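Subject: Structure handover and notes

Hello,

Here is the structure I said I would pass on. My notes on what was found in it follow below.

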Amino acid sequence: MKPKLMYPISFTLLIGVYFTLLSFLESPETNIIGEWKEVSWEYEKMDTLGFKSDRFDYMLTDHIKGQISKNLIIHEAEIWKFVSDETLEMKGNNSSKSLHWTLKGRGNILQLNGEKNIIEHYQIQELSSDKMVLFFNFDMQVRGIVKMTFERINA
């Protein structure tokens, strides 16, 4: 075999193996479908002086959580049910909502379309078969990030 053909053939085989392996991966849209229960909200202040760490500062109480989520779509939702037709059913203690969801980017951005064309974006930090972690930025009184953790109830 000629050396000039070795490089194109090797490159083609490598690309073929790469795309074959990618086709076996489960898509994030398939992973997110199911019913999720909200477990915790944690808060990290963005504008801290000194060092920056990956650690979140503290758990949010229901009162602070209510203030942060006052103008958000996710208000008082404790159970999120992702349906395959891109419908999200949110159920709280005294309320329920139905929204449209899509995944953006590389499947790491959750976009929620609410009433009156309100659109919110959440970063999917972790998505496994039993755990989902969402981050969102807020700017209420102090800029920060809220980490929302969910556990899967059923698929």
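A residue is called buried under 20% relative accessible area, exposed over 50%, and partly exposed in between, using a 1.4 Å probe and protein chains only. By that rule H121 is partly exposed, because its relative accessible area is 46%.

Two remarks on the source. This is a predicted model, in which local features need pLDDT of at least 70 and side-chain atom pairs count only at pLDDT 80 or more, while totals for chains, interfaces and linings use all residues. Residues are numbered from 1 along each chain as its sequence is written, and side-chain values use heavy atoms, with hydrogens and water left out.

Overall layout

The protein has three helices and nine strands. These are DSSP runs numbered from the N terminus: helices are H or I with at least four residues, and strands are E with at least two. Read from the N terminus, the order is α-α-β-β-α-β-β-β-β-β-β-β. Of the 155 residues in the protein, 32% are buried. The accessible surface is about 10,600 Å², and carbon and sulfur atoms account for 54% of that; areas come from the Shrake-Rupley method with a 1.4 Å probe, and for residues only the protein chains shown count as cover. A contact means heavy atoms within 4.5 Å. Taking contacts between residues at least 6 apart in sequence, 48% join residues at least 24 apart.

Helix α1

Helix α1 covers residues 3-24. The expected span of a helix is 1.5 Å times one less than its number of residues.

F11 lies in α1 and counts as exposed because its relative accessibility is 54%. F11 also belongs to a nonpolar surface patch with I15, Y18, F19, L22 and L25, which together have about 630 Å² of accessible area. Patches are made of residues with over 30% relative accessible area and no salt bridge; like charges are joined within 9 Å, and nonpolar side chains (Val, Leu, Ile, Met, Phe, Trp, Tyr) within 5 Å. A salt bridge here is a side-chain nitrogen of Lys or Arg within 4 Å of a carboxyl oxygen of Asp or Glu.

Aromatic pairs

Rings of Phe, Tyr and Trp (its six-membered ring) pair if their centres lie within 6.5 Å; planes under 30 degrees apart are stacked, over 60 edge-to-face, and the rest tilted. Six such pairs turn up in a search of the whole structure. One of them joins Y18 and F19, with centres 5.3 Å apart and planes at 75 degrees, so it is edge-to-face. Y18 is partly exposed, at 47% relative accessibility.

Another pair, W80 with F150, is tilted, at 4.8 Å centre to centre and 55 degrees between the planes. It links distant parts of the chain, as W80 is in strand β3 (residues 79-82) and F150 is in strand β9 (residues 143-154), 70 residues apart. Both W80 and F150 are buried. Ring pairs also tie W80, F82, W101 and F150 into a cluster.

Individual strand residues

G144 is another residue of β9, and it is buried, at 1% relative accessibility. The C-alpha atom of G144 is 5.5 Å from that of E44, although the two are 100 residues apart along the chain.

T102, in strand β5 (residues 96-104), is buried with a relative accessible area of 13%. Apart from neighbours within four places in sequence, T102 is in contact with E86, I109, L110 and Q111.

Not counting residues up to four places away in sequence, H121 touches I109, L110, Q111 and F136. Its C-alpha atom is 9.8 Å from that of L134, 13 residues away along the chain.

Loop residues with positive phi

E86 has phi near 65 degrees, a positive value in a residue other than glycine. E86 is in the loop between β3 and β4 (87-91) and is partly exposed, at 25% relative accessible area. N117 is not a glycine either, and has a positive phi of about 60 degrees. N117 lies in the loop between β6 (109-113) and β7, where it is exposed, with a relative accessible area of 73%.

Regards
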